[in-house]
Amino acid sequence: MSIAIIDYGMGNLRSVQKAFEFLGYEAQVTENKEEIRKADQVVLPGVGAFRDAIKTLQEKRLDEEIYRAVEDGKPFLGICLGMHLIFEKSYEYGEYQGLGLLKGNIVKLPNTVKVPHIGWNSLKIEKRAPLFEGLPEEPYVYFVHSYHLETDASVVSATTFYGKEIQVAAQNKNIYATQFHPEKSGNIGLKILKNFGGLKNENLSSD
């Protein structure tokens with residue numbers, strides 16, 4: 001299985017690559033459209049501002065490759081900022097349209113908590129999504145963020161409590177997303193990435 005990690009100049013690309021390689025997967029950081037199309041799975045990580053990220057994806061026409069990968073049924077994973085980008089809209093320093101792969105908005109964490117949220121929090125797994133197979137109850141993972149997801153509970157696969165219940169993982173068909181950083185979450189994070197690496201193409205899984 002080959003994994004394309006989309007390079008759009010935002011954040012933690014190499015650490016994600018190293019985590020997959022540690023697990024024995026072939027992973028490359030790339031903005032080459034042909035390489036993305038050839039990959040079996042696609043990952044969109046990122047740290048930084050939503051506005052700059054969506055602009056860069058569109059200018060490089062990498063948004064088209066994301067839509068193509070999802071339409072083709074490839075397992076697709078958005079991490080942190082990459083998670084934000086796949087939803088409809090972000091209110092980070094303005095109002096910006098996302099990729100719209102899933103319905104939902106990205107809003108600021110409540111004023112009652114320390115922002116940004118940096119550190120370890122336990123997950124409340126809302127449904128046994130493939131990413132969470134084999135994990136203990138309430139596993140701890142690592143967060144760095146100031147904004148969070150608000151969407152319909154039907155696509156939410158995990159929440160955490162930080163001042164209030166926050167939606168921190170989502171799944172719909174072959175689209176997966178995590179607010180936390182699996183590549184920085186120790187053995188739990190490696191297990192999540194291993195689970196992702198073992199996923200099959202949604203369009204081919206019945207063959």
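Which helix and which strand each supply at least two residues of the lining of the largest pocket? I found helix 5 (81-85) and strand 10 (140-145). I take helices (H or I, at least four residues) and strands (E, at least two) as DSSP runs, numbered from the N terminus.

Notes on the source. I am reading a predicted model, where local features need pLDDT of at least 70, side-chain atom pairs count only at pLDDT 80 or more, and totals for chains, interfaces and linings use all residues. Residues are numbered from 1 along each chain as its sequence is written, and side-chain values use heavy atoms, with hydrogens and water left out.

Entry on the pocket. I listed its lining as Val47, Gly48, Cys80, Leu81, His84, Glu92, Val144, His145, Ser146 and Tyr147. By class I noted 5 nonpolar, 4 polar and 1 charged residues. Here Ala, Val, Leu, Ile, Met, Phe, Trp, Tyr, Cys and Pro count as nonpolar, Asp, Glu, Lys and Arg as charged, and the others, Gly among them, as polar.

Entry on strand 3. I saw that strand 3 (residues 41-44) pairs with strand 1 (residues 2-6) in the parallel sense over 3 bridges; two strands pair if DSSP finds at least two bridges between them. Gln41 is the bridge partner of Ile3. On strand 4 (residues 76-79), also joined to strand 3 by 3 bridges and running parallel, Phe76 stands opposite Val42. Gln41 and Val43 point one way, Val42 and Leu44 the other, and all are buried (under 20% relative accessible area, with a 1.4 Å probe and protein chains only).

Entry on helix 3. In residues 50-59 I marked Phe50, Ala53, Ile54, Thr56 and Leu57 as buried. They lie on the same side of helix 3 because they cover an arc of only 160° around the axis, taken from the directions from the helix axis to the C-beta atoms. Their packing partners include strand 1, strand 3 and helix 4 (62-71), contact being heavy atoms within 4.5 Å. Just after helix 3, I noted Arg61 with a positive phi of about 60°.

Entry on Ile86. I placed Ile86 in the loop between helix 5 and strand 5. Is Ile86 buried or exposed? Ile86 counts as buried because its relative accessibility is 0%. Among the residues Ile86 touches are Phe76, Leu99 and Ile175, not counting residues up to four places away in sequence.

Notes. Buried means under 20% relative accessible area, exposed over 50%, partly exposed in between (1.4 Å probe, protein chains only). On a 1 Å grid over the protein atoms alone, a cavity is a set of points where a 1.4 Å probe fits but cannot get out, and a pocket is an open set with protein on both sides within 12 Å along at least five of seven lines; lining residues have an atom within 4 Å of a point.
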